[in-house]
Amino acid sequence: MVNRKVNTSMDGVLLTDELYAYRCRGGVCVELLEANMMAQAIVDRCSKAVEDLVDQHKATDIVLDLQHVQWMCSLMLGKLVALAKQVRSNDGRLLLAGLSSQLEGVIKGAGLTEMLPMFADVNAALGGAAAPVALDRPR
């Protein structure tokens, strides 16, 4: 896990040890705090938490802030594709923000840029400044 303090001033919720979520303009932002998304247990735990969040906030854009993620296994890439399909089925969008050049290269190389649009940061993904509001813990 990234050694950093979660910004609790954003009225968000720590979904797992690796995920912090908060409402932002037009959707929900999810910050991945784990630098190494290679272990199946972590990938499964994170994907389940985000899937539950998507189910709770239907028809919402989900921004995944990946600024801390250095490595991602193919399992995680597959989970992102499945998550993008789930979000789209609810008339929302899955947007990726803050990717390292390595992760960006992996997504481009896999031909997934249309399904997984990438942005420099959360603000760019939202088309402007994030306006956080309280987010209830998923049930």
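Biologist: Why is Arg-93 called partly exposed in this model?

Modeller: The model is predicted, and in it Arg-93 has a relative accessibility of 45%.

Biologist: What makes Asp-61 and Arg-93 a salt bridge?

Modeller: The closest N and O atoms of Asp-61 and Arg-93 are 2.7 Å apart. The rule asks for a side-chain nitrogen of Lys or Arg within 4 Å of a carboxyl oxygen of Asp or Glu, so the pair qualifies. The two residues lie in distant parts of the chain, 32 residues apart: Asp-61 belongs to strand 5, whereas Arg-93 sits in the loop between helix 2 and strand 7.

Biologist: Is Asp-61 counted as buried or exposed, and why?

Modeller: Asp-61 has 15% relative accessibility. Buried means under 20%, so Asp-61 counts as buried.

Biologist: How do you know that Glu-18 and Arg-45 form a salt bridge?

Modeller: Their closest N and O atoms are 2.7 Å apart, and the cut-off is within 4 Å, so the pair meets the rule. Glu-18 lies in the loop between strand 1 and strand 2, and Arg-45 lies in helix 1, 27 residues apart. Glu-18 has a relative accessible area of 5% and is therefore buried. Arg-45, with a relative accessible area of 39%, is partly exposed. By this rule the count comes to five salt bridges.

Biologist: Why are Lys-108 and Glu-104 separated by about one helical turn?

Modeller: Lys-108 and Glu-104 are four residues apart in helix 3, which means a separation of about one helical turn. They form a salt bridge, with the closest N and O atoms 2.9 Å apart. Glu-104 is partly exposed, because its relative accessible area of 29% falls between the limits of 20% and 50%.

Biologist: Why are helix 1 and helix 2 called roughly parallel?

Modeller: Helix 1 and helix 2 pack at an angle of about 5 degrees, with their axes 10 Å apart. Angles under 35 degrees count as roughly parallel, so helix 1 and helix 2 are described in that way.

Biologist: Which residues make the contact between helix 1 and helix 2?

Modeller: Helix 1 contributes residues including Val-43, Ser-47, Val-50 and Val-54, and helix 2 contributes residues including Leu-75, Met-76, Leu-83 and Val-87. By class, the contact has seven nonpolar, three polar and four charged residues.

How values were computed
Residues numbered from 1 in each chain as written. Predicted model: local features only at pLDDT ≥ 70, side-chain atom pairs only at ≥ 80, totals over all residues. Heavy atoms only, no water. Buried < 20%, exposed > 50% of the residue type's maximum accessible area, 1.4 Å probe, protein only. Axes fitted to C-alpha atoms, helices over the stretch in contact; angles between N-to-C directions. Parallel < 35°, antiparallel > 145°, perpendicular 65-115°, else oblique. Contact = heavy atoms within 4.5 Å. Nonpolar A, V, L, I, M, F, W, Y, C, P; charged D, E, K, R; others polar.
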